[in-house]
Amino acid sequence: MIAGLTGGIATGKSTVARLFQELGAHVIDFDVLAHKVMRPGLKAWEEIVRFFGVEILNPDQTINRKKLGRLVFDDPEKLARLNRIVHPAVFKEDQKITAEILAGNPGAVIIKEIPLLIEVGAGHLVDKIIVVYASPEVQLQRLLARGLDRDEALKRINAQAPLGEKMKWADFVIYNDGNLEETRRQVEEVYQQLVSCASVEGQ
């Protein structure tokens, strides 16, 4: 049973992923995979540096993600180019990890944390879609707490597909405006349903 976990910025996707992991799910974080495939010397790193220039590099040759983010954030063409470089490498890495998990445990519940699951049309990679929801007010508060100013925070929230649109694709919605225990209760309910689905499909 493979479930895609998605949502908006600052909705608490990583917290929800951690709660699933504590229950026994295998979590594949696509942001971590993106870091991995962009390491110095790898093919994606070479293509990114060739296109965006050495100005985006730190002294140790790693990519400065903040500098790169500023370059692509307001430029859809540059963002699309970056995605065309990074996504194939990430999906290849994901396939390898998924195969390794299933080889060891064919009945595993795998949670793929994919922030842009809906936007990049990656629904075919998963059996079920879980959307983590938080109200725009809570998203804003969390981003301000991370040190962003109000304008930058609103810009980032508005740059993403509306959560209402993402929820139309959801098999499960986890509402993450409340406290951790309330979120944990919802995660436990969804996990039990995923385990049940996995055992039915495995028969």
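On a 1 Å grid over the protein atoms alone, a pocket is an open set of points where a 1.4 Å probe fits, with protein on both sides within 12 Å along at least five of seven lines, and its lining residues have an atom within 4 Å of a point. The model here is predicted, so local features need pLDDT of at least 70 and side-chain atom pairs count only at pLDDT 80 or more, while totals for chains, interfaces and linings use all residues. Residues are numbered from 1 along each chain as its sequence is written, and side-chain values use heavy atoms, with hydrogens and water left out.

The largest pocket comes out at about 1800 Å³, a volume being the space filled by probe spheres set on grid points joined across faces, edges and corners. Its lining takes in 47 residues, with Asp 31, Arg 65, Phe 73, Arg 156 and Gln 160 lying nearest the centre. Two or more lining residues come from each of α1 (13–23), α2 (30–37), α4 (65–73), α5 (76–104) and α7 (150–159); helices here are DSSP runs (H or I, at least four residues), numbered from the N terminus. The top contributor is α5, with 8 residues. Sorted by class, the lining has 22 nonpolar, 11 polar and 14 charged residues, where Ala, Val, Leu, Ile, Met, Phe, Trp, Tyr, Cys and Pro count as nonpolar, Asp, Glu, Lys and Arg as charged, and the others, Gly among them, as polar.

Next up is the second largest pocket, with about 300 Å³ of space. Of its 14 lining residues, Val 37, Lys 43, Ala 44, Ala 89 and Lys 92 sit nearest the centre. At least two lining residues come from each of α2, α3 (43–52) and α5, and α5 again gives the most, this time 7.
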